[in-house]
Amino acid sequence: MSKLYGKPVRRVKVSKQRQINIPKDFYDALRLTDEALIEFNGKEIIIRPAKYEVVDFSEDILKDLVRKGYTGEELISEFSRIKSEIPKAIDRMKEEAMQNPLIAESLGDFLDSLEDDNEDE
């Protein structure tokens, strides 16, 4: 295994469908499951376990509660109640999105059609 900037590096093949295999030791080290977060920063693609996704609506919740006139202990109590409901709401949104997909074709076909559209421009 080679190293780049002191970190392990592996060369992997990219299929015609733009798929890659994650080396088992990388997969195991990240404790990946059936989902991952992928980020493009302009130069690199970064893959992270989905469980580390940070969704924080705290500031929005607090602004809304202050606008509604909550203060003191009442503000803290209502903030805690609303914040505790967020994971359930996100799970419901995921379930609804999976039951009513916006894309009827395979993801690969959809991405190919986007590339075709971009070539036409």
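Modeller: Two strands are said to pair if DSSP finds at least two bridges between them. Helices (H or I, at least four residues) and strands (E, at least two) are DSSP runs, numbered from the N terminus. This is a predicted model, in which local features need pLDDT of at least 70 and side-chain atom pairs count only at pLDDT 80 or more, while totals for chains, interfaces and linings use all residues. Residues are numbered from 1 along each chain as its sequence is written, and side-chain values use heavy atoms, with hydrogens and water left out.

Colleague: In what order do the elements of the protein run from the N terminus on?

Modeller: The protein has four helices and four strands. Read from the N terminus, their order is β-β-α-β-β-α-α-α.

Colleague: Which residue is the bridge partner of Ile 38 in strand 4?

Modeller: Strand 3 (residues 36-40) and strand 4 (residues 45-49) pair in the antiparallel sense, over five bridges. Within this pairing, Ile 38 has as its bridge partner in strand 4 the residue Ile 47.

Colleague: Which residue in the hairpin of strand 3 and strand 4 takes a positive phi?

Modeller: The hairpin has four residues between the strands. A positive phi near 100° is found there at Gly 42.

Colleague: With which side chain does that of Arg 48 meet in a salt bridge?

Modeller: A salt bridge requires a side-chain nitrogen of Lys or Arg within 4 Å of a carboxyl oxygen of Asp or Glu; by this rule the count comes to nine. Accessibility is classed as buried under 20% relative accessible area, exposed over 50%, and partly exposed in between (1.4 Å probe, protein chains only). Arg 48 is partly exposed at 36%, and Glu 39 is partly exposed at 34%. The N to O distance is 2.5 Å, and the partner of Arg 48 is Glu 39.

Colleague: Which residues of helix 2 are buried?

Modeller: Helix 2 covers residues 58-67. On one side of this helix lie Ser 58, Ile 61 and Leu 65.

Colleague: Is Glu 78 buried or exposed?

Modeller: Glu 78 is found in helix 3. Not counting residues up to four places away in sequence, Glu 78 touches Leu 65 and Tyr 70. With a relative accessible area of 17%, Glu 78 is buried.

Colleague: What is the N to O distance of the salt bridge between Lys 63 and Glu 59?

Modeller: Both residues lie in helix 2, four residues apart, about one turn of the helix. Lys 63 is partly exposed at 46% relative accessibility, whereas Glu 59 is exposed at 54%. Their side chains meet in a salt bridge with an N to O distance of 3.1 Å.

Colleague: Which residues are linked with Asp 64 in a network of salt bridges?

Modeller: Asp 64, partly exposed at 30%, forms a salt bridge with Lys 68, the closest N and O atoms being 3.4 Å apart. Lys 68 is exposed at 59%. The network links Asp 64 with Arg 67 and Lys 68.

Colleague: What is the phi of Arg 31, which is not a glycine?

Modeller: Arg 31 lies in the loop between helix 1 and strand 3. At 60% relative accessibility, this residue counts as exposed. Its phi is positive, about 55°.

Colleague: How much accessible area do Val 12, Val 14, Ile 20, Ile 22 and Tyr 27 have together?

Modeller: These residues form a nonpolar patch on the surface; patches are made of residues with over 30% relative accessible area and no salt bridge, like charges being joined within 9 Å and nonpolar side chains (Val, Leu, Ile, Met, Phe, Trp, Tyr) within 5 Å. Val 14 is found in the loop between strand 2 (7-9) and helix 1 (24-30) and counts as exposed at 56%. Accessible areas come from the Shrake-Rupley method with a 1.4 Å probe, and for residues only the protein chains shown count as cover. Together the five named residues have about 390 Å².

Definitions and conventions
Contact means heavy atoms within 4.5 Å.
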